[in-house]
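Please consult the sequence and the structure while reading.

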Amino acid sequence: QKEVEQNSGPLSVPEGAIASLNCTYSDRVSQSFFWYRQYSGKSPELIMSIYSNGDKEDGRFTAQLNKASQYVSLLIRDSQPSDSATYLCAVNGGGGSQGNLIFGKGTKLSVKP
Amino acid sequence: GAGVSQTPSNKVTEKGKYVELRCDPISGHTALYWYRQSLGQGPEFLIYFQGTGAADDSGLPNDRFFAVRPEGSVSTLKIQRTERGDSAVYLCASRVSGSVYNEQFFGPGTRLTVL
């Protein structure tokens with residue numbers, strides 16, 4: 001069974017610090033990886049996608065992918081209280097590029113002012 | 001532009017009743033997905049439509065669950081003989097046509113409560 005594992009947290013960081021969120025996945029052939037942010041009572045919002053080994057930066061967010069280690073991470077620089085949310089890691093579970101996503105349980109991040 | 005919309009936002013029903021949940025995807029998105037999310041869990045896949053047909057329904061938990069997308073746009077998730085264990089947030093997502101990636105965009109969800 002394909003699995004995505006995340007530390008449930010909570011992860012608490014002070015405002016302005018770097019928050020590091022980690023995810024491992026079991027299916028070695030997975031090709032697409034995503035980070036979603038979910039505020040309490042809201043639906044998941046796509047914030048980063050990554051498909052190649054290495055780093056991908058978008059503003060304060062950096063996604064890192066290591067397919068050999070089956071590991072994906074999300075770094076949030078200059079963390080703000082508004083970043084406090086649950087971060088869901090998702091991996092493409094279907095064939096090719098079209099199937100369903102498999103989600104981890106999420107890591108709850110709390111940024112303290 | 002308009003995102004994915006879902007109605008109703010909340011649905012309370014009694015055990016044994018029938019419910020329908022509606023999803024209207026982003027205009028032009030031919031791929032549509034249904035997930036459900038229980039408290040403290042990530043979304044769990046239910047069914048995936050490509051156009052009008054169900055491309056993958058392997059996530060439907062049993063035959064009480066059924067979904068349709070007759071015209072390739074709006075989809076309805078139907079649950080018969082609801083059980084308390086069906087209580088969850090039902091999420092719909094859509095994906096842009098022809099994308100080589102699989103970036104899915106979620107609607108606000110329908111919170112289903114079965115009493």
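**Interface and salt bridges**

Nine residue pairs are in polar contact between chain B and chain A, counting pairs in which both residues have pLDDT 80 or more. On the side of chain B that touches chain A, strand 4 (31-37), strand 5 (44-50), strand 9 (88-95) and strand 10 (104-106) of chain B each supply at least two residues. The model is a predicted one.

**The interface**

- The contact involves 23 residues of chain B and 18 residues of chain A.
- Chain B and chain A bury about 1600 Å² between them, and 52% of this area lies on carbon and sulfur atoms.
- The side of chain B that touches chain A comprises 11 nonpolar, nine polar and three charged residues.

**Salt bridges in chain A**

- Over all chains, the whole structure contains seven salt bridges.
- Arg37(A) and Glu45(A) form a salt bridge, with their closest N and O atoms 3.0 Å apart.
- Arg37(A) is buried, at 13% relative accessible area, whereas Glu45(A) is partly exposed, at 36%.
- A salt bridge also joins Arg77(A) and Glu57(A), at 3.4 Å from N to O.
- This pair links distant parts of the chain, 20 residues apart: Arg77(A) lies in the loop between strand 8 (71-76) and strand 9 (85-92) of chain A, and Glu57(A) in strand 6 (residues 54-58) of chain A.

**Salt bridges in chain B**

- Arg36(B) and Glu44(B) meet in a salt bridge of 3.5 Å, N to O.
- Arg36(B) counts as buried because its relative accessibility, 14%, is under 20%.
- Arg64(B), Glu83(B) and Asp86(B) are joined into one network by salt bridges that share partners.

Conventions:
Residues numbered from 1 in each chain as written. Chains lettered and ligands numbered in written order. Predicted model: local features only at pLDDT ≥ 70, side-chain atom pairs only at ≥ 80, totals over all residues. Heavy atoms only, no water. Contact = heavy atoms within 4.5 Å. Buried area = accessible area lost by both parts, 1.4 Å probe. Polar contact = N/O pair within 3.5 Å; in protein donor to acceptor, adjacent residues only side chain to side chain. Helix = DSSP H or I, 4+ residues; strand = E, 2+ residues; numbered from the N terminus. Nonpolar A, V, L, I, M, F, W, Y, C, P; charged D, E, K, R; others polar. Salt bridge = Lys/Arg side-chain N within 4 Å of Asp/Glu carboxyl O. Buried < 20%, exposed > 50% of the residue type's maximum accessible area, 1.4 Å probe, protein only.
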